[in-house]
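Here are my notes on this model. Please read them with the structure open.

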Amino acid sequence: MAKDGTPLPPYFNIDPDAALSDLDLPTGSEGFAAIAQACGQGRSDLASRGMDEQGRKSLRLFSTWEITRYLIPVAQAHFRRVLKQNPDLPQGQSESEGGAKWFTLDEVLRLRAFFGAQGSKAKNYLPYRPAGLPAKIVAVANFKGGVGKTSTAAHLAMSAALDGYKVLVIDLDSQGSMTSIFGGQIEDEWQTAFPLLARHYAEYLRLENQRRLDRGDPPQPLDEALSTALDMTVGDVIQKTHWPNIDLIGAQLNLYWAEFQIPVWRMQARGWKLWDALTDRLEMDGVLDDYDLVFIDTPPALGYLTINGLAAADILLVPMGASFLEFDSTGRFFDMLHSTFVSIEEGENVAARALGRPEMAFEWDAVRAVITRYDGAQQGELAALMQAYLGETLSPHRQDFTALIGQAGEQVNGIYEADYRDFNRETYARGREAFDATYAAFKRLLLGVWRRAELAEQQAAE
Ligand SMILES: Nc1ncnc2c1ncn2[C@@H]1O[C@H](COP(=O)(O)OP(=O)(O)OP(=O)(O)O)[C@@H](O)[C@H]1O
Ligand SMILES: [Mg+2]
């Protein structure tokens, strides 16, 4: 107590002997192993909750109310009528006699296809994707940590899937958060994007070796890892998830190895276009025909994996909070993007000019900063300032802070996996609105980008 009776701040009058008696022994390197083990055990415990017998995640069911409200734009009565008239369609299951009918997402997708084929053409039963054009690749990136990259990417992937798109999610972050969200089980780097990058390099090396042999130089050996990678395709690293129309290329700690390996490969083969590795593999293995959308989650760093993800992207989303520090750091992120990609272009174009070949330049269909975890009561002014400076680059949609995120455990990630009956309706509705609006802003961007490509295609054909 101070003389006037107010309590002292808690950091005054700490007795050193009392502090000592609280203290445990110093930690050695082995101490980290023990801590990691404890985390691992806790994680498995959490992860196992709500899993099915095979230890895999399962997705909740969707009610008639939710389907007709959020997923398939028909009136409930009409929906019920159509089901009754078509006994072959999924009829749903109810928890009690005459209770509400619930459907798996697989069933919802079948119903959507049915309405799409039979229903009114004026309605958006099936989401727009121009025929014959490739999937769009969306990267979510910012070298600042904790800005909402993974949450944004995961929610967009889920909303797009609920909207009827077929989605591939690629986790390039060795922290593997996205992989956990989608219940991915990854043993080592061979089940991640790593072998795709390795294959790209190995193919380059093989070509290069042919040139060497032609010149009479000795070839560079392909080690065992590279030879293995040569036989691998995207199909080998894609996993199914508990979402019927979301597949995953997962990540785990070993993927970080790529950050050391890629520069070594590049040193050995200066001509290898490392930034094209992911793009080329996705194109060659048919991914862009098999899926509608590819979402790439990146680590909070501008390393080689992120560069690969960014170079592959058609649409780049950069989440950031409406705070001074995040705005500041995002500005520097764009600065780094500029110098990184310009230096790649310059490196390539010196040679291109010398050989009289066309110059290369990176291009993105759209680049948008997105305000995440927005608190209108506190951050309105800062957000308006950011909007004034960034103009069109800042998405006009601000993703509200919602207590619904991060609150649930391992089994349920975010709004779309949560059963609305577990929440206060009001909280649920607000949380859902935040991410539905994030998706709406994204979808508008996507449709614009696809439409532009479609018109360009038509014009080229004329
Ligand atoms: N709209 C939101 N409302 C409330 N909390 C949110 C929102 N978006 C994200 N969060 C929370 O913010 C934290 C960071 O989010 P997230 O993991 O998505 O960021 P990140 O940029 O992927 O982080 P990292 O850089 O570590 O990969 C998480 O605890 C997440 O639950
Ligand atoms: Mg993340």
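1. Which residues of the largest nonpolar core touch the most other members? They are I72, V167, F182, W243, F295, L317 and F442, out of 59 residues. A nonpolar core is a set of buried Ala, Val, Leu, Ile, Met, Phe, Trp, Tyr and Cys residues joined through side-chain atoms within 4.5 Å. Buried means under 20% relative accessible area, exposed over 50%, partly exposed in between (1.4 Å probe, protein chains only). Helix 17 (residues 425-461) gives this core its largest share, nine residues. Helices are DSSP runs (H or I, at least four residues), numbered from the N terminus.

2. On the basis: this is a predicted model, where local features need pLDDT of at least 70 and side-chain atom pairs count only at pLDDT 80 or more, while totals for chains, interfaces and linings use all residues. Residues are numbered from 1 along each chain as its sequence is written, and side-chain values use heavy atoms, with hydrogens and water left out.

3. Take F295. Its contacts (heavy atoms within 4.5 Å) include V138, A153, V167, I170 and F442, not counting residues up to four places away in sequence.

4. Now helix 11 (residues 258-268). A258, E259, Q261, I262 and W265 are buried there. Helix 8 (194-215), helix 9 (224-230) and helix 14 (304-312) are among what covers them.

5. L8 lies in the segment before helix 1 (16-22). L8 is partly exposed, at 33% relative accessible area.

Notes. Chains lettered and ligands numbered in written order. Helix = DSSP H or I, 4+ residues; strand = E, 2+ residues; numbered from the N terminus.
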